Amino acid sequence: MRVWSDRPELLHLAIFFAAYVLGCGFAQALAIIPETGISIWLPSGLFIATLALASRRSWPQWVVAGLLAELVGNVLWFHNPLPVALLIFAGNALEAVVGAWLVTRFGRPVRLDSLPEVLALMVLGAGIAPIVGATVASATLAWFDMQSFSAAWPLFWLGNASGVLIAAPLALALFQDWRSGTALSEPRWLEAAAIGLILLGAAVLSLSAYLPFAYLIMPPLLWAAVRFEFRGAAVSLALIAIIAAVFTISGDSQFAGEPGSQTLKQIMLHLFLAVSAISAVIVAAISRQHQAALFALSERERELSQLVDLLPAYIRRLTPEGRPFFFNKRLTDYIGASLEEINAIDGDRLEPAVKDYVHPDEAGDVEAAIRSAVATGQAYSLKYRMRGIDGVYRWIETRAEPLRNQDGTIAQWYSVSIDIDEQVRLYRELEEREGKIRRLIDSDIIGIVFWDLDGRILEANDAFLRMVQYEREDLRAGLRWFDMSPPEWQEKHARYEAEELMATGKMQAREKEFFRKDGSRVPVLIGAACFEGQSTQGVAYILDLTARRQAEAALSERERFLWQVVETLPVMVDCAAPDGEPIYRNQQLREFLGYDLEALDGTGKSRLAGTLDAGVHPDDLEGVKTNYAHSLATGEPYARRHRLRRFDGEYRWVETRAAPMYDPKGETVQWNVICLDIDGEVQTQEKLRLAQERLSRASQAASLAELSASIAHEVNQPLAAIVANSHACHRWLMDSPPNLARAKVTAERIIRDANSAADVVSRIRALFKRSTATRSPTELGSVVAEGLGLMADEVVRLRVRIDTDIESDLPLVSIDRVQILQVLVNLMRNGIEAMDVTKGAGVLGLRVRLMGDTIQTEISDRGPGIAFPEKIFEPFFTTKEHGMGMGLAVCRSIVEAHDGRLWAERNEPHGATFIFTLPAEAKAAK
Amino acid sequence: MSKKSPVVAVVDDDPRLLESLEDLLESAGHVVRSFPSAEALLVNGLSDLDVLITDIGMPGLSGLELRDLVEKDRPDLPVILITGRHEIADRLRAGGVSRLFCKPFDGPALLEAIGSALPDVETGER
C-alpha cells in the first residue's frame, strides 16, 4: 500500500524533520548517559513508520531529512564529533531502512489491524531493526573510545526498541487513522476524556512514587487500547512517555536519583515503557481484530438481509403460534403495510390479516391451513390470491415449513410465497384455449381426424366416426383413411393432395367421398393441414354433405319440376332482364317463333329490339315499342294485343302481358312475360264484329231509306203548299175579272213556301256534314270488301257480276268509314240499277288504285250511260222513275268533305263510270 | 141562287198547306172549312159537310182513323186522303184506295176529284 507518492510533500518532510528534532530533544532529556544520546530513541520509531509507508524511491529524501534533523540534534544537544554523529545517524538510518524493509516485506500491508501484524512490527521493527542501529552506534562509540561496545550496545538497542514501540504505532496511527478521520461521537469523547484523566492521575501517582506503582498505569492504558485501539494506545503511550520524561527531567521521578542508581532506573523506565507499549499495542491489535470481526459479521448479516429482500419471494417468519415476527421488504412493499403496523393491532391477528389480504374465495382455506399447520406442525403449501397495495389480487403460491429445535419443538415457521399470477394467468389462458379446441373436437358438428401420410388415422372424434359409421374399437384396431377412400380419390390424393400438403402444409377444402363401414359412400367436405413443423402428420376437418346433397337433390328436383311446368305450360313464357332484354323463352314461345333466344344476337340491335322488329306486325310495332318502353321505364305492368309473326310467316294475334319481379329491396330483378295466341279468338271476334257491322249496315241502309222518306216528306210539305197555291193563284188570275187581291196573297205565300223548301234543303245538307272527328286511318280495300258484302244479296238477285281490281299495298286513308261505305254502296247500286234496264249485260266494274298521292276508286256500269255527266250530281236530279235525285249529290258532298272528288264519265261503247278520289294518308304498309 | 155551294172540310196539321188548300178550293167556288186536327173536325160535327179532305200523318188521330170514324157516322161522305209519304201511298193504292193524293199533288186533279165526288149535291136534288 502506497500512502505517499514518490516525491514527498515538503510539508511532510518538514513535519518529519521537526518531529525528528523533537525526538532528539526527548532522547536528550531522558538520556541515560549524558552526551551519548543513548536514551529512548523515538526517532527510530518515526523513521521506520515513515519509511514503511513511503515509497521506496523516496527513501533517500527521508534519509536526508533525518540526517539534517539528527545533525541539528547533535549541534543542540549531543555535541558529538561530526564523524561520530554521522556514523550514529548512519546506524539509525540503516536500522530504519532494514526495519521498514522487513515490516513491509513480511507484514504487508502495514496496517495494525491484526495481532500478527502488530507482532511482526514488534519483532521485526522493535526487535531486529534496532540490532543494526545499536551495533553501528556502539561500534562507533567504541571506535572513538567514548564507551565500550558491550556497555553501549544493550542501552542503544533498548533505547531504539522502546522508541520503535512507542513512536512507530503512534506514527502509523497518526498517518493512517487520523487521515481516514472518523470523528468520535460525544459519548466517546467523554469516555476518552475520562480515560485521559484517569491515565493522567495513575501516571502522576505511579511515576512519582514507588516504582512498582508504575504498573498502576496499566489498566487505564489497556482500557484506552481496548476502547480506542491504536489511537487510544498511541495517545496514552505518548502521554505516559511525556509524563515520564517530565518527571525525569524535574527529578521527581523515581527514575531520577543518584547517578549510580540512575542507569538502572533508566533501564527500568525503558523497560516499563516498553512493557506498557507492548501491552497496549497488543491489546489494541486484539481489540482492532475483534472489532473487525464484529464488523465483518454485521456486514455479512446485512448482506444476507439484502439477499432476503432481493429474493423474488415474500418471506415471513412466524412464531410457533403463527404470529409473524418478520416480513421481508418485498412483502411489506407489496401489501403496503409493515409488520409493525400489522402487529400493532391487538388480538388474534390471523383472521383479520387473512381477511384483509387474501381473496375472499380462498380466505377460508388459507386460515384453515394455517391453523391446522400450527396445531399439527405439518408443513403446508397453498395457492391463493393476495391483495397488493394497489388493491389488485395476484396469485401466489405459499409454502410454510417449521424450523425445529434440537428437541423437536418448533422454533419458528418459515413461510415463502412466490408470485405465480403470470403463470396462473398463462395456465388459465392455455386451459381456455385448449378447452376451446377440445370443444371443437368434442362438438359433434365437424369431424376431426389426426392423420399421417402413411394413410393411418391416429385419432378421430365421434362426429367423424359417426359419419363413416365406424366404432371407436375399429379406430383402436387401426383404421386407415387411405383404405376408406374410393379408388378414384386415392388416385387424386396421390396425384394432387399429397403434393399440395407437402408444398403448402395445407389442403384446401374440397368435396370428396369416403367409404362407410358398410361400403356405401358418404359425400364429405374435407380440408386438412399439417401439424406445425411436420410434413407427414396433421389434422383434417370433415363435414358430412349427405344432408346437403339431399337438399340439393330435392331442390334441383323442384327446380326441374318448375322448369317443366314453365316449359310445358300452354302459354308462351318469356323472361327479360330489367332493361327488357329477353333472357329466357319457353318451348312454346321458341316453337312459335321458330328460333332460339340467341338467334338474333349479333345483328347490331339489342335482343329486344331485334325480336320486336322481326316478330311484331309492322302496323303494331310502333305501339308495342312505345308501350314496352313505357313499362320498362315506369315498372307498370304491360298488356297489349298485337300480331306476332309465326315461324311460318303468318301473323297471329297474341295477347302479351308482362309484370316486373322485385327483389326484397324493391329493385326489378326481371320481367316475366306471358304471351297467349289469341288469333282464333280475334278471328272469331272479327267475324262477329263483321256480322254486327253488316247488321248495323243493314239498319243503316234501312235508315237511309227512312231518311230519304223523311227528307221527301219535309220537302213535300212546302212543295205541296206551293203547288196548291200556284193553282189557286192561277185560278184567281184566270177569273174574270181576275181576283188580283187574292192572287197577290197567294203569290206571296208561294214565295214564302219556296223559301221554306230551300231551308229544308239546307238543313239536309247540314245533316250530311258530319264531323271529321269520326275519321280514322283505314284500309280502303277493307271498306270496299265491306261494300261488296252489303251488295252481295242484290248482286245475286239481279244476276249481276262484279269484276274487282283492287291494288294491294294501298296506303291508308283517313275516312269516316260509314260515309265512304254509303258512297260506295250508292254508286254500286246506281250502276246496278242503271243496268237493270238492259237485262243480260249485268257487269259492274270496281277498281281501286293509287294515283300519285290519292287513291282512286272507279265504278263502271254497262247501262245506258249518262247524258249530262255534271248535271246528275245536282240535288233532285234523277233519271230514274223513283229516284229523288239526292243520292249522287249526297255522295259528292261526302267525298268532297273528305278532300276528294267525285265525278262521272261516259263509258265507251256504253255505260257510265263514276270515279272518286281520296287522299292517301300514310305510307304504304306492308 | 139555286145552286148551293158544296162544303169541303180540310184537315191538316200543316197550317201552310191548310191555307193553300183553302185558297185553291175557294178559287174553285167551294166553301171551305179548315181544321188543324181530326179532333177539331169531330168537335165541329160532320152534318153539313159534302166532302172531307184529310192528311194521313197527323199527331193524335191519323187521317186513316178519321176516315174510319167518318165511315161509321156518314158513310155517304166522300173522303179524299192526302199524304207526303209515298210509301204509305203505295201501300194504300195497293190496298185499293182510290181517292188518294201524294204531296205535292196536282191542283186541277184534286178539284176534279172533288167534283166527281159531288154529283148529287151539284145537281141540287134535295
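How many of the 126 residues of chain B count as buried? I get 37%, taking buried as 20 or more other C-beta atoms within 10 Å of a residue's own, with C-beta atoms placed from the backbone.

**Ground rules.** I'm working on a predicted model, where local features need pLDDT of at least 70, side-chain atom pairs count only at pLDDT 80 or more, and totals for chains, interfaces and linings use all residues. Residues are numbered from 1 along each chain as its sequence is written, and chains are lettered from A and ligands numbered from 1 in the order in which they are written.

**Chain B.** I looked up its secondary structure and found 6 helices and 5 strands; these are DSSP runs numbered from the N terminus, H or I with at least four residues for helices, E with at least two for strands. Along the sequence the pattern reads β-α-β-α-β-α-β-α-β-α-α. I also checked contacts (C-beta atoms, placed from the backbone, within 7 Å): of those in chain B with a separation of 6 or more, 56% join residues 24 or more positions apart.

**Where B meets A.** The contact uses 19 residues of chain B and 20 residues of chain A. α1(B) has the largest share, 8 residues.

**Cores.** I then went after nonpolar cores, meaning sets of buried Ala, Val, Leu, Ile, Met, Phe, Trp, Tyr and Cys residues joined through C-beta atoms within 7 Å. The largest has 90 residues, and Ile48(A), Leu165(A), Leu273(A) and Ala280(A) have the most contacts inside it. Helix α6 (residues 149-180) of chain A gives the most, 17 residues. I followed up Leu273(A): leaving out residues up to four places away in sequence, its contacts include Ile40(A), Ser162(A) and Ile240(A). A second, separate core of 41 residues includes Leu18(B), Phe35(B), Met58(B) and Leu110(B).

**A sheet in chain A.** Next I traced an open sheet of 5 strands, order β12-β11-β15-β14-β13, with antiparallel pairing; strands pair if DSSP finds at least two bridges between them. β12 (582-585) and β13 (638-645) of chain A are at the edges with a single partner strand each, so one side of each has no neighbour in the sheet. Inside the sheet, β11 (residues 572-576) and β15 (residues 668-677) of chain A pair in the antiparallel sense over 5 bridges, and Ala576(A) has Trp671(A) as its bridge partner in β15(A).

Last, I noted that helix α22 (residues 618-634) of chain A lies across β13 and β14 (651-662), at about 145° to β13(A). Axes are lines fitted to C-alpha atoms, for helices over the stretch in contact, and angles run from 0 to 180 degrees between N-to-C directions.

Definitions and conventions: Two residues are in contact if their C-beta atoms, placed from the backbone, lie within 7 Å. A residue is buried if 20 or more other C-beta atoms lie within 10 Å of its own, exposed if 12 or fewer, and partly exposed in between; C-beta atoms are placed from the backbone.
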